[in-house]
Amino acid sequence: MVANISFPVTSPRGGSTLSLAYERAGAGEPLLLLHGIGHHWQAWEPVLGILAAERDVIAVDLPGFGVSPALPDGVAYDLATVGSVLGALCEALGIERPHVAGNSLGGLLALELGREKLVRSVTALSPAGFWSELERQYAFAALRAMQVGARSMPLTMIERLSRSSAGRAALTSTIYAKPGRRSPEAVVAETLALRGATGFHETLAAGRDVLFTDDIPDVPVTIAWGTRDRLLLRRQGIRAKHAIPGARLVRLPGCGHVPMNDDPALVARVILDGSR
């Protein structure tokens, strides 16, 4: 069931109300799922059913992505702000210290929630924030190019490309190692989500100076990296392990930057193991 929830937030212009869209399924201990920049909650669809068999899963459209509206004017898209928004979401849902799993931007946000002790465990899949400056510039340029491409193509062209494996590769091979496995409908939807992401540029701007260097003691942390990640290279996982020495570092063989589609069974197992 896809739903929306509204809750108060504070902005430089005074109190405001923010609405976030989410999908919720399953039963058990709560598990919050956070997608990457330009994506939407449907990035988790390949693993949602497996996770929902053991967890109360809440997959969120982050502010300014998917069908969630942008943050109020004057509110920054920095880690502290978006982390507090997610904390407010959990409070509004009546969830106390959920497990959290995130990919890319969502992985960085998951680590932020862990640093603030707002969650029971963290699983970060190719999290942002462990790059060198050249690696960050490369990743941001690739992301901008993807959005420019998505915005420049008419819907008919996107739909036509999505019908073939080669076309799906042209649209999504930056983030998937096996783009042919993604359904045409999913590729169209996520290309349109990237095109319409109102928080895209503000999130990139907020990420220019982000480096995650803090340890996260007393919270179980799993960091997983695809061996075929073309956006955030897997050597960044070694830096993450150095920053968080107690973290479990896991290889995801044959997976790209968004590994949930490339190997759903493996990714679901890593998340469930990390949240036990």
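Visitor: Where does Ser-104 lie?

Guide: In this predicted model, Ser-104 sits in the loop between strand 5 (99–103) and helix 3 (105–115).

Visitor: And what is its phi, given that Ser-104 is a residue other than glycine?

Guide: The phi of Ser-104 is positive, near 60°.

Visitor: Is Ser-104 buried or exposed?

Guide: Ser-104 has a relative accessible area of 8%. The limit for buried is under 20%, so Ser-104 is buried.

Visitor: What about Ser-126, what is its phi?

Guide: Ser-126 is not a glycine either, and its phi is positive, about 45°. Ser-126 is in the loop between strand 6 (121–125) and helix 4 (133–152). With a relative accessible area of 1%, Ser-126 is buried.

Visitor: Switching to cysteines. How many disulfides are there?

Guide: The count is zero disulfides. That count rests on a cut-off: a pair of cysteine sulfur atoms has to be within 2.5 Å.

Visitor: Is Cys-255 buried or exposed?

Guide: Cys-255 is buried, at a relative accessible area of 0%. Cys-90 counts as buried too, at 9% relative accessibility.

Visitor: Now the core. How many residues has the largest nonpolar core?

Guide: The largest nonpolar core has 85 residues. Those with the most contacts inside it are Leu-32, Leu-33, Leu-34, Leu-51, Leu-111 and Ile-244.

Visitor: Which helix gives the most to this core?

Guide: Helix 2, residues 79–93, gives the most, with seven residues. There is also a second, separate core of five residues, and it includes Met-153, Ile-158, Leu-171 and Val-187.

Visitor: Back to Leu-51. What is Leu-51 in contact with, leaving aside its neighbours within four places in sequence?

Guide: Leu-51 contacts Leu-31, Leu-33, Val-57, Ala-268, Ile-271 and Leu-272.

Visitor: Where is Val-57 found?

Guide: Val-57 is in strand 4, residues 55–60. At 0% relative accessibility, Val-57 counts as buried.

Visitor: What does Val-57 touch, not counting residues up to four places away in sequence?

Guide: Val-57 touches Glu-23, Arg-24, Ala-25, Leu-31, Leu-33, Leu-48, Leu-51 and Ala-52.

Visitor: How far apart are Val-57 and Phe-140?

Guide: Val-57 and Phe-140 are 30 Å apart in space, C-alpha to C-alpha, and 83 residues apart in sequence.

Visitor: Which residues of helix 4 make the contact with helix 8?

Guide: Phe-140 is one of them; the others on helix 4 are Arg-136, Leu-143, Arg-144, Gln-147 and Arg-151. Helix 8 contributes Phe-200, His-201, Leu-204 and Gly-207.

Visitor: At what angle do the axes of helix 4 and helix 8 cross?

Guide: The axes cross at roughly 175° and come within 12 Å, with helix 8 covering residues 200–207. Angles over 145 degrees count as roughly antiparallel, so helix 4 is roughly antiparallel to helix 8.

Visitor: Helix 6 and helix 7 next. Are they roughly parallel or roughly antiparallel?

Guide: The axes of helix 6 (residues 165–172) and helix 7 (residues 184–195) cross at roughly 25° and come within 11 Å. Under 35 degrees counts as roughly parallel, so helix 6 and helix 7 are roughly parallel to each other.

Visitor: Is the crossing of helix 6 and helix 7 left-handed or right-handed?

Guide: The crossing is left-handed.

Visitor: Which residues make the contact?

Guide: From helix 6, Arg-168, Leu-171 and Thr-172. From helix 7, Pro-184, Val-187, Glu-190 and Thr-191. Leu-171 and Val-187 are also among the residues of the second core.

Key:
Residues numbered from 1 in each chain as written. Predicted model: local features only at pLDDT ≥ 70, side-chain atom pairs only at ≥ 80, totals over all residues. Heavy atoms only, no water. Buried < 20%, exposed > 50% of the residue type's maximum accessible area, 1.4 Å probe, protein only. Core = buried A, V, L, I, M, F, W, Y, C linked by side-chain atoms within 4.5 Å. Helix = DSSP H or I, 4+ residues; strand = E, 2+ residues; numbered from the N terminus. Contact = heavy atoms within 4.5 Å. Axes fitted to C-alpha atoms, helices over the stretch in contact; angles between N-to-C directions. Parallel < 35°, antiparallel > 145°, perpendicular 65-115°, else oblique. Left-handed = near helix turned anticlockwise from the far one by under 90°.
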